[in-house]
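Okay, everyone, thanks for coming. Let me put the model up, and then I'll walk you through a few spots in it.

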Amino acid sequence: MPFKTKDLSGEFYAHFKIFHELMSIKVREILLVSSPYDAFIMEEDGSLASRIINEYSGLNLSLPPRVIRTDSAAEALSLLKRIRFDLVITMPRLHEMDAFQLGLAIKKSKPHLPVILLSHSIRGIYPFPENKDCSGIDKIYIWSGNSDLLLALVKNTEDRLNIDSDTRKAMVRVLVLIEDSPTYYSTFLPLIYKEIVQQTQAVLGVGLNEEHRLLRMRSRPKILLAVNYDEASEMIQKYQPYLIGVISDTRFPRSGRLDDNAGAALLTRVRKEIPDLPLLLLSSDPKNQVKADEIPATFLNKNSPDLLTELHGFFLNHLGFGDFVFRMPDGTEIDRASSLRSLEQKVSTVPDESLLYHARRNHFSNWLMARSEIALASAFRKVQASDFGSVSEMRTFLASSIRRLRKVQQKGIVARFNAQNFDAEIMDFVKIGDGSLGGKARGLAFSSALLHQNLSLFEKYPDVTIQIPRTLVITTRGFESFIQQNHLEYCAKCDLPDERVSEIFLSARMPDWIMAELEVFLSQVRYPLAVRSSSLLEDAQYQPYAGLYDTYMISNNHLDFTRRLDHLVMAIKRVYASTYHENPRAFSRSTMHQPQEESMAVIIQQLVGEVYGEYFYPALSGVAQSYNFYPFSPMSAEDGIAHIALGFGKTVVEGEKSIRFCPRYPSVLPQFSSVEDILANAQKHFYALKICNYTEPCNLTGNSNLEKREVNDADEEFPLRLLSGTYSPDEHRIRDSGGFHGHKILTFAQILKYKIFPLPELLMDMIALGGKGMGCPVEIEFAVNLGTEFQRKKEFFFLQMRPMAAEESHFDISIAPEDERIAICVSGQALGNGRNDVISDVVYIKPESFALEAMSQMAEEIGRINAALVKEKRPYLLIGPGRWGSADRWLGIPVQWRHISGVGAIVELHDSSLKVESSQGSHFLQNITSLGIPYITISDDGQDKIDWAWFQSQQDVQETAYVRHIRARSPLTITIDGRNSRCVILP
């Protein structure tokens, strides 16, 4: 019959959440009641508490319990009234009463508190007197000096307390041990527990991070101890769906009498009910091997000198803890798989006979159960080999199911890079090193986890692939190792030019441990890569450092592997070097941080896009924000805002021309209100990665291989034809299709108007999800891949999320009509809130000297004046036309942070020669607003004003070709009503 591969992602995420709820009842406080002599004997080699701690540490378990000892039964009962204990351990010899009487006394007030009797010898306990009430003791153990018993005693108590909850919530597996002799189970139970814990750690250690390992340890099999036939039957019946195996003695009580055949009878019954369940028969009589063979079950001799080794073999070969051993029906071993990855590979190649042999006996399910892959193991157990029309169909089902699980495991998880098990095809988010991920990578990891905790988003958009690009992070430990190894600490303290810092870093040697792991990574990765910064301070809630560090993009397609590796290492070194470049250092001083406090992680990320001719780029990229600083009817500020552009997002984040829309009202486009507006405001350029020719050197300077292309140069490429309209000069009309002959205009009508991709709706959901997750307004960066003409795609890539600096005003500010009348500056579009009266200096672009072609020179003149004012610690008001901080000098003055690091407030003037919208969505504005620097826009709509006569009447401090620096006689008063975005500046 045809069989569809089940989507296990929902079950996996739900199951992983459940790990947090498992083992909810822990033994944290133990009361030990013993005579001084018993305590002395037990603690001869160290205190009981320290021996428990040593056992926990040796097995890498967390939170060992605390032990409080008393030698008085009366004092024990008193302590129980004052302190909450989870377990009582009592020795037989007590002064006031015996252990059985103490147990009864404890049970009267605390009937559910476990009480264990620990004795040095069985002779001091058995046989019980006929009139002795033993109901106050839950279990009896024999102490032989082996501290492993302490671990087993505590863990078995926890298992009994948690088993009902954990099997119900997470289908945790159960191993039943039947043994009536305290001497034997006090020896045997520690062996089983130690084996279970060590084997579980071994199988969970591959490809998982520390959190995974600790949480999955909670889902290890539970061990239940039964001392007679009836108790064992009840356990097996109750937990039958969860059984992983049964280990039984041969001789124990049945119906109140010792039965030499009780174990064999019990296992025979279990074999009939569960044919493929691993069974182990124990006996001190080797003749019982015959009974085991009849069941059939594995047999171990209790008196064997190799008992521990033989038990280890049972766990490996029958309970699924070791390698998966592929065998032929006659038992011949033909292959092994040590991990999910190798199991996926092997099931695709082993002979049909071997595959059927294991499938019919549920060996695949057992092996997966031992690894806590319960969702897939349960799915495999529900399917029979006879359900498939052919072995080939079953083989495909097994391989595809395992592969899907491996992919799902990576989602929302920061996994540790493992060179031996790394698989680039399923990687999602992997880190190299033990240090911090840095701010940007941390936000990306949080976004990944947030996405996969909200599966309804994937269900709402079934035709869209929503994902984080495949990501490798070299943690801050890599940067610190690089700096220390090459003695580069001095670069944080000296004022070297950026170019010189980069030269020093490029000549330094990358640590060998990083190189070794990068070689493994790059050997499997052939797609283009972005190498991005992720500093400790980057994308923080109040100082985001957005866009201050370098990003490099590499085509990663050279035929020579060593050249590809050289390009990647060169990009990493350049990102490291940008830590000590002038712009981030200047910004650090503004935030009261020192450059030497900074440390850098590096993100190596799959670049989003498709190859179109000689170029690689996404159909569109953009930025979306939860909060719109400049809303107009029918929008509200909380509806958010988005900017999108063809190609890479550099167009948007550096303030160049892009299309701006509100996701709730995507058809309301004021910048496209007429044909003239569309022609003037449409995107004219875009960024694409030039795919390096094999013979050309990889250029990692400037735009890092990104080429700024004319939109019209790409009019034959699929994204432009899909997303543009066609201008008809004869009709003075723009048609909503790029399929006509004529000049192409990027209108994005196919998305915003005809909805071929649900971008507005998806952005609304994403910023709502991000805002809920971060607890504040957020800004996200994204890219969309629409494929090619021959292979259409709908892929949404979540590239970055950071908090916005848009906080609610902490106090009300009012602006009176009289203030507006006498103000030298009035604005209806101001960012900030409050009153500032410490600024006397003003630096402004002289209106009479302004020239578009001189924008870069203006930035340098401002930088020189800024440097002098920073030395004098004098904040200043900066006034000028166009979009401040734009990378496109035709849209505004291209200042960088080093040019304006001392600024106290900024005024952006609308100018008729600059057809630009107000700054929003750029890294520059994000950094300005995060520092609380007022950003004031003066529009030319007649409602705002600036009194040039007042500014021209003030005393000159310095004047250059394009810039004038003045100083008022008394400080200006800058008042901003943040709730209404109103601002006045009073002399």
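Let's start with helix 29, residues 759-774. Helices, by the way, are DSSP runs of H or I with at least four residues, strands are runs of E with at least two, and both are numbered from the N terminus.

Before I go on, a word on where this comes from: it's a predicted model, where local features need pLDDT of at least 70 and side-chain atom pairs count only at pLDDT 80 or more, while totals for chains, interfaces and linings use all residues. Residues are numbered from 1 along each chain as its sequence is written, and side-chain values use heavy atoms, with hydrogens and water left out.

Back to helix 29. Which of its residues are buried? They are L759, P760, L762, L763, M766, I767, L769, G770 and G771. Buried means under 20% relative accessible area, exposed is over 50%, and partly exposed is in between, with a 1.4 Å probe and protein chains only. Just after the helix, G775 takes a positive phi of about 75 degrees.

T747 has 8% relative accessibility, so it counts as buried. What does it touch, leaving aside neighbours within four places in sequence? T747 is in contact with I659, F672, I678, L723, S724, G725, I734 and L752; contact means heavy atoms within 4.5 Å.

Next stop, P803, which is in strand 33, residues 792-803. P803 counts as buried because its relative accessibility is 6%. The C-alpha atoms of P803 and S626 are separated by 9.6 Å, although the two are 177 residues apart along the chain.

One helix pair, too. Helix 9 (residues 229-238) passes helix 10 (residues 262-273), and on the helix 9 side Y229, A232, S233 and I236 meet A262, A265, L266, R269 and V270 of helix 10.

And the whole chain, to finish. It has 33 helices and 43 strands, and 58% of its 987 residues count as buried. Of the contacts with a separation of 6 or more, 72% are between residues 24 or more positions apart.
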